[in-house]
Amino acid sequence: MIPNLMVTDMNRSVAFYRGVLGFTVEFAVDAHQQTRFDGGYADAVFTTLRLGDWQMMLQTRDNMVGDIPGITAETPAHSSIALYLRDVDPSGVLDRAPEGTVLKGPERSWYGMLEGTVRDPDGYVITVGHPEGAAPS
């Protein structure tokens with residue numbers, strides 16, 4: 001599964017996912033449907049990111065309005081999704097997170113994961129975690 005998140009400012013969102021979570025830009029597409037593979041995303045309306053084996057797509061709200069039925073200019077960006085990225089050390093993520101974006105952690109859960117939770121620039125909730133100790137039996 002590859003999530004496609006609605007974003008309101010592509011540059012701000014890509015900077016967050018690259019700088020805080022460590023994703024890289026695979027490619028970006030501009031409003032004229034020109035694809036760039038050189039890491040440039042300044043005028044992108046769609047960007048695919050990668051972190052290890054994971055992919056994630058970001059698409060601007062304005063582009064989604066014309067692309068996906070039911071999406072309007074008033075559709076909230078973070079209306080119904082929270083992401084969990086397993087095998088990511090929360091300590092580094094929380095250290096890199098901008099002020100005011102850390103929601104929780106790092107803390108060890110009852111199920112054996114060290115976790116931290118942040119909110120991205122559009123309000124998506126992202127929890128990162130990795131195993132620490134034995135899981136409950």
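Me: Which side chains meet in a salt bridge at 2.5 Å, N to O?

Reply: A salt bridge is a side-chain nitrogen of Lys or Arg within 4 Å of a carboxyl oxygen of Asp or Glu. Here the side chains of Arg50 and Glu26 form such a pair, at 2.5 Å from N to O. Helices (H or I, at least four residues) and strands (E, at least two) are DSSP runs, numbered from the N terminus. The model is predicted: local features need pLDDT of at least 70 and side-chain atom pairs pLDDT 80 or more, while totals for chains, interfaces and linings use all residues. Residues are numbered from 1 along each chain as its sequence is written, and side-chain values use heavy atoms, with hydrogens and water left out.

Me: How many salt bridges does a search of the whole structure find?

Reply: The search finds 4. Among them, Asp38 and Arg36 meet through their side chains at 2.8 Å, N to O; Asp38 is exposed, with a relative accessible area of 56%, and Arg36 is partly exposed at 35%. Another joins Glu107 to Lys104, with the closest N and O atoms 3.8 Å apart. Glu107 counts as partly exposed at 39% relative accessibility, and Lys104 counts as partly exposed at 39%.

Me: How do strand 2 and strand 4 pair?

Reply: Strands of a sheet pair through backbone hydrogen bonds, either parallel or antiparallel. Two strands count as paired if DSSP finds at least two bridges between them. Strand 2 (residues 24-30) and strand 4 (residues 44-51) are antiparallel, with 6 bridges. Within this pairing, Phe27 stands opposite Thr48 in strand 4.

Me: What is the strand order of the open sheet of 5 strands, and which strands are at its edges?

Reply: The order is 1-5-4-2-3, with mixed pairing. Strand 1 (4-7) and strand 3 (35-36) are the edge strands, each pairing on one side only. Helix 1 (residues 10-19) packs on this sheet and touches strand 1, strand 2, strand 4 and strand 5 (54-60). Its direction makes about 160 degrees with that of strand 5; axes are lines fitted to C-alpha atoms, for helices over the stretch in contact, and angles run from 0 to 180 degrees between N-to-C directions.

Me: What is in contact with Thr47?

Reply: Contact means heavy atoms within 4.5 Å. Thr47 is in strand 4 and is buried, with a relative accessible area of 0%. Leaving aside neighbours within four places in sequence, its contacts include Met10, Val14, Val25, Phe27 and Leu58.

Me: Which strands pair with strand 8 in the antiparallel sense?

Reply: Strand 9 (residues 125-131) pairs with strand 8 over 7 bridges; Glu115 has Gly129 as bridge partner. In that hairpin, with 5 residues between the strands, Gly123 takes a positive phi near 100 degrees. Strand 8 (residues 113-119) is mostly covered, 6 of its 7 residues being buried.

Conventions:
Buried means under 20% relative accessible area, exposed over 50%, partly exposed in between (1.4 Å probe, protein chains only).
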